[in-house]
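The points are numbered for reference.

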Amino acid sequence: MRNKGLLVSSIIIVGLIVCGCSTSRKISRLNAKGEKADLALPKEADFLPDNVSGTKFKSDTLIVKGEDGNDIVLMKAVKDDDGEMVATDVLEAAVITARFRNKAERNGKIDLEWLVKVPSSMIDDNWQIRLNHDMYILEDSVRLEPIFITGKNYREKQLRGYEQYEKFLSSIITDSTVFVNKFLLEIFLERNIPEVFKFRNDSSFVSNEEFASAYGVTEMQAIEHYTNTCRVSHNNRRKANTGKKYAKKVKVPITSDGVRLDTIIVTPTGDYVYKYTETITTKPKLRKVDVVLSGDIYEQDKHLYTIPRTEPLTFYISSLSSFLRDTKRFLYRIIWRQAEANSSYNIMFEVAKDKVNLSLGNNESEISRIKYNLKELMENKVFDLDSIVVTANCSPEGLISVNRKLSQSRSQNVTAYFDQYMQHLVDSIDREKGFAVDENGNVITSQKTQRIKFISRSNPENWDVLDMLVAEDTTMTLDQRESYVDIRDEYSDLDKRERAMAKQSYYQYLKDKLYPQLRVVKFDFHLHRKGMVKDSVHTTVLDSTYMAGLEALKDRDYDSAVSLLGKYNDFNAAVAFLATDRNQSALNILQNEEKTAEVNYMLAILYSRLGDMQNAVNCYLESCRQDKTYISRGNLDPEISLLIKMYGLNKQEDDDDLYL
């Protein structure tokens, strides 16, 4: 038996040595060659309009107008081995060798896809390849979800680690009664507490108090006495070591969080290829996106090889927003010489008093606010202040004749108060203007600031505002509000109306809560534009809404662009509609536009989306005749790229002639 054990051990050791040598040789070869995974471009799937059903577009033959007006027959075509265009199915190509691709942005999104190629020399049953993608967008770099390519033996070792850890967990005892020597405990009960022992096969409940009164100890004390404390301690140590055991047994956890792919493979005879797709949101000024691949090879938790970074795979981004016309729109405006600014202030007065009292209520802050506004108007660069109308309002309690006199005196006192303030303000402004000295030494004084005229008016009882407050009040019931309206409509005599109102249950609420809001002083500021003589001037101003729509279009915020530009129904609105797949709205506008090269090109995109290939090809060819830059642009937009591929467009005989 001893010899057999030695033989098994020797075989294991020899196997490990052989395996280790094999791994070292493979890693040495990888280092010598600088072996790496790589990125490649798959063949792009043809764009198909949304309204075309089925997996293959059927319209293979078109008749279009040539530059000379003659009909030209187009067929779905590709080049054969001799370079001729032939009517046949498109030849499939699995991988494109170029390191760049043009991608069109649609609806603010860009769908990118590439192939991850891993050579067979890097794949081993005992290894795990961890591949990382770094995407560079403007000034930012983003680490995408990694790809794990896991060898069969590597995964089996991972699973064995989990099995060993589960075995360890199962050895941890969770039932504490296992540690109690039940045999000795039963003997103790039978000898000392027979009345309790007889219940061992009975479901009757024995309370801890009954147990303690029978023998002088509690049930828990008895159980602890017959518990194997050594086994408990050993079990607790196992519980405390679960973290260390997990790290020891499960050296490399299996995880799917944040991982794009974790595939298990057996060593293949060829390369491993995976198609990686990523959708990104466009950003202003985004013109290209670079993708770089790097990675590492591991044997369990041991790092074996750093996979060199690849050359970047570049996606050039085309956007329909490039079609926008950076034009300005103006609105027709009439500018009036005269202007008004109105504001109400809650200056409180004592009952039956007309003097301005700074210490009453919020008067100090309200008066400070009025002074600030007056100063702002006096220093305004656009308007000159001509006059100020001050209107004092009173609440309805008391006789109308008394309230009329009271409101007049309140208005006069407020006017006098602020007229005095304005005198000080005007003097201060004049002092700040200072004076100047001419070349002859004469003092030139600045023109004096014009004094502002105050006009005093009054409103003895502010019923209009009270009507509004009652209508909007949420404290009064519906019946109370209706009662108020009935009384108001019934009595045109304001004194009788007030006496009738005073008899109602809600009158005290009106006096306490609503009446104070009626005692306001209203200021009406009358102004005129500086330097303007005529009563009105007709002019144009920049349309800010339209300009904001253009900015949204430049920033590729297409939903905002549509909401701002849609109502204008012009070329830029069509661009916004086109960018958000509102194809019919865009078509309705562009059909009425002058057929420039850009309009024809956009129409070609629209017709291609709508499945009208006849008009799509005609419009595209016409745009290319008008502006040859659209020949190369056609490869950027999938709708046009489809036409080029289907009908073999853009074949050139010389630099000047485009033909089919």
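1. Where is Asp124 found? Asp124 sits in the loop between strand S8 (109-118) and strand S9 (128-137); helices (H or I, at least four residues) and strands (E, at least two) are DSSP runs, numbered from the N terminus.

2. This is a predicted model, in which local features need pLDDT of at least 70 and side-chain atom pairs count only at pLDDT 80 or more, while totals for chains, interfaces and linings use all residues. Residues are numbered from 1 along each chain as its sequence is written, and side-chain values use heavy atoms, with hydrogens and water left out.

3. Asp124 has a relative accessible area of 14% and is buried (under 20% relative accessible area; exposed is over 50%, partly exposed in between; 1.4 Å probe, protein chains only). Its side chain makes a polar contact of 2.9 Å with the side chain of Lys26 (a pair of N or O atoms within 3.5 Å; within protein, one must be able to donate a hydrogen and the other to accept it, and residues adjacent in sequence count only if both atoms are side-chain atoms). A polar atom of the Asp124 side chain also lies 2.7 Å from the backbone nitrogen of Asn126.

4. The structure holds 26 salt bridges (a side-chain nitrogen of Lys or Arg within 4 Å of a carboxyl oxygen of Asp or Glu). One of them joins Lys288 and Asp290 at 3.6 Å, N to O; Lys288 is partly exposed at 40%, whereas Asp290 is buried at 16%.

5. Glu639 and Arg609 form a salt bridge, with the closest N and O atoms 3.0 Å apart. Glu639 is in helix H22 (residues 638-647) and Arg609 in helix H19 (residues 597-609), so the pair ties together parts 30 residues apart in sequence. Both residues are buried.
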